[in-house]
Amino acid sequence: QVQLVESGGGLVQPGGSLRLSCAASGSFYSIYAMGWYRQAPGKQREMVAHIRRSGSTNYADFVKGRFTISRDNAKNTVYLQMNSLKPEDTAVYYCYVNIGPDYWGQGTQVTVSS
């Protein structure tokens, strides 16, 4: 059993910043990859950023240059630093981990509004 606990969401003005965290706990040998997806109302879930155990990363085009994903392997935690936030970044953000199968967090709301 694997549990993911997300934190860091909230309300921020356009141009502001937020940092999301997701800590994994439970029974697993190793986390191969971690990342974030998001889902806005009426839209499909979309990949935001992905980081492998090696540290290599992938980003969706719409966040390149604004968001940074990182991980702490010792803490089994993945972070998403979000800068220059835009109203269209408003969504529920979900973290996931791949340990063979994928596990998902419960989601954290990010609202960008003035």
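1. A nonpolar core is here a set of buried Ala, Val, Leu, Ile, Met, Phe, Trp, Tyr and Cys residues joined through side-chain atoms within 4.5 Å. Buried means under 20% relative accessible area, exposed over 50%, and partly exposed in between (1.4 Å probe, protein chains only).

2. The model is predicted: local features need pLDDT of at least 70 and side-chain atom pairs count only at pLDDT 80 or more, while totals for chains, interfaces and linings use all residues. Residues are numbered from 1 along each chain as its sequence is written, and side-chain values use heavy atoms, with hydrogens and water left out.

3. The largest nonpolar core contains 29 residues. Those with the most contacts inside this core are Trp36, Val48, Phe67, Leu80, Met82, Tyr93 and Val97. Strands giving two or more residues to the core include S3 (18–26), S4 (33–39), S5 (46–52), S8 (77–82) and S9 (91–98). Strands (E, at least two residues) and helices (H or I, at least four) are DSSP runs, numbered from the N terminus.

4. Leucine 80 is in contact (heavy atoms within 4.5 Å) with Leu18, Arg19, Leu20, Trp36, Val48, Ala49, Phe67, Thr68, Ile69 and Tyr93, leaving aside neighbours within four places in sequence.

5. Five of the seven residues of S4 are buried, so the strand counts as mostly covered. Two strands pair if DSSP finds at least two bridges between them. S4 runs antiparallel to S5, with six bridges joining the two, and antiparallel to S9, with seven bridges. Alanine 33 stands opposite arginine 52 in S5 and opposite asparagine 98 in S9.

6. S4 and S5 form a hairpin with six residues between them. In the turn, glycine 42 has a positive phi of about 75 degrees.

7. Serine 21 lies in strand S3. Is this residue buried or exposed? Serine 21 is buried, because its relative accessible area is 17%. Not counting residues up to four places away in sequence, serine 21 touches Val5, Glu6, Ser7, Trp36, Val78 and Tyr79.

8. A search of the whole structure finds one disulfide (a pair of cysteine sulfur atoms within 2.5 Å). It joins cysteine 22 to cysteine 95, with S to S at 1.9 Å. The pair links distant parts of the chain, 73 residues apart: cysteine 22 is in strand S3 and cysteine 95 in strand S9. Both cysteine 22 and cysteine 95 are buried. The torsion about their S-S bond is about 40 degrees, so the disulfide is right-handed.
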